[in-house]
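Me: I have a structure open and would like to learn how to read its features one at a time. Where should I begin?

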Amino acid sequence: VMPCASLAQADMSLATQHVAFVPVQLWSTAAAALIGLRNRFGVENAAHIAVQAVDPTRAGAIRLGFAIGNDAASRHASLVAAAGGQHVLMQWPGEDHSRHLGLRPCIEHVHDGRITRLFEADRVDARTVLVDPAQDAGAIAQWIEAATRGELPLPVPVVNLIAACLHAAGDAADLSRAKALAALHAARLAA
C-alpha cells in the first residue's frame with residue numbers, strides 16, 4: 001500500500017481497495033512536527049498516541065494502534081475507546097520487543113467504546129518464528145517484500161494480526177473464520 005498524496009486520494013483508495021495509507025503530514029503538519037521531535041529527543045510523546053486515534057478521512061477507517069509497556073497500553077486503550085470508531089490495538093508488554101515480528105503483542109479490537117481481546121501477548125521466551133528484528137524502515141520494507149513474494153514464511157504473530165484486521169473489518173463472520181482465512185492466505189504465499 002503506497003502512501004496517499006491527498007485526502008481525496010485516501011477516500012478513493014478506501015472506497016475502491018478498502019485500505020489507505022495516510023501520512024500524518026497530509027492532515028496535520030503540526031502533528032507531524034510533534035512526531036518528528038522523537039528524532040531529536042529520542043522519546044515518544046503524546047502525539048504518537050493521539051495520531052493513531054484519528055480517522056482523517058472520516059470514512060469509518062479501522063485504525064491500527066501500537067503501545068509499548070503496560071502504562072502506555074492502558075492510556076492508549078482508553079483514548080481509542082473514547083475516540084470512537086474501530087481500532088486494532090497492539091500492545092507489547094516490555095520496552096524493547098515492538099519490532100520483533102516473532103513475538104505476538106496483545107491484540108485487541110476496540111469498537112463502539114468496547115475493548116475485545118482477540119489475542120494474548122506471547123511471553124518473551126515464546127517466540128513463534130525466529131525473525132531478526134529489523135532496525136530501520138528500509139529493512140522492514142525488504143522483509144515485507146520477501147514475505148509477500150513467498151520467500152520467507154509469515155511469522156504466526158503477523159498472521160494473527162491479519163486475522164484481527166479481517167475480523168475488525170467484518171470480512172469474516174467471526175474470529176475463528178478470520179484466523180482460518182489468514183492462515184490459508186499465508187500458506188498460499190509460502191507455496
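Me: How many helices and strands are in the protein chain?

Reply: Begin with the secondary structure elements. This is a predicted model, and its protein chain has eight helices and four strands. Read from the N terminus, the order is α-α-α-α-β-α-β-β-β-α-α-α.

Me: Where in the protein chain is confidence lowest, and where is it highest?

Reply: The mean pLDDT of the protein chain is 77, and 74% of the residues score at least 70. The lowest confidence falls in helix 4 (residues 46–50), with a mean of 58. Strand 4 has the highest, at 90.

Me: What share of the residues counts as buried?

Reply: Of the 191 residues in the protein chain, 37% are buried. The protein chain exposes about 11,200 Å², and 57% of that comes from carbon and sulfur atoms.

Me: How do I check the length of a helix, say helix 7?

Reply: Compare the expected span with the distance between the end C-alpha atoms. Helix 7 covers residues 156–169, which is 14 residues, and at 1.5 Å a residue it should span 20 Å. Its end C-alpha atoms are 20 Å apart, so the two values agree.

Me: Which residues of helix 7 are buried?

Reply: They are Pro157, Val158, Val159, Asn160, Ala163, Ala164 and Ala168.

Me: Which residue other than glycine has a positive phi?

Reply: Aspartate 112 is such a case, with phi near 50°. Aspartate 112 sits in the loop between strand 3 and strand 4. Its relative accessibility is 65%, so aspartate 112 counts as exposed.

Me: How many salt bridges are there?

Reply: The count is four. One of them pairs arginine 104 with aspartate 122, with 3.5 Å between the closest N and O atoms. Arginine 104 is in the loop between strand 2 (86–92) and strand 3 (106–111), while aspartate 122 is in the loop between strand 4 (114–119) and helix 6 (137–148), so the pair ties together parts that are 18 residues apart in sequence.

Me: Are these two partners, arginine 104 and aspartate 122, buried or exposed?

Reply: Apply the cut-off for burial, which is under 20% relative accessible area. Arginine 104 has 17%, so it is buried. Aspartate 122 has 13%, so it is buried too.

Me: What does glutamate 108 pair with?

Reply: Glutamate 108 forms a salt bridge with arginine 117, and the closest N and O atoms are 2.9 Å apart. Read the accessibility of each partner separately. Glutamate 108 is buried, at 6% relative accessibility, whereas arginine 117 is partly exposed, at 44%. Salt bridges with shared partners connect Glu108, Arg117 and Glu120 into one network.

Me: How many disulfides does a search of the whole structure find?

Reply: The search finds zero disulfides. The cysteines can still be read for burial. Cysteine 4 is buried, with a relative accessible area of 7%, and cysteine 106 is buried as well, at 6%.

Me: How far apart are arginine 188 and glycine 150?

Reply: In sequence they are 38 residues apart, and in space 8.2 Å, C-alpha to C-alpha. Arginine 188 is part of helix 8 (residues 175–190). At 53% relative accessibility, arginine 188 is exposed.

Note on methods
Residues numbered from 1 in each chain as written. Predicted model: local features only at pLDDT ≥ 70, side-chain atom pairs only at ≥ 80, totals over all residues. Heavy atoms only, no water. Disulfide = S-S within 2.5 Å. Buried < 20%, exposed > 50% of the residue type's maximum accessible area, 1.4 Å probe, protein only. Helix = DSSP H or I, 4+ residues; strand = E, 2+ residues; numbered from the N terminus. Areas by Shrake-Rupley, 256 points an atom, 1.4 Å probe, with all protein chains shown as cover. Expected span 1.5 Å × (residues − 1). Salt bridge = Lys/Arg side-chain N within 4 Å of Asp/Glu carboxyl O. pLDDT = per-residue confidence, 0-100.
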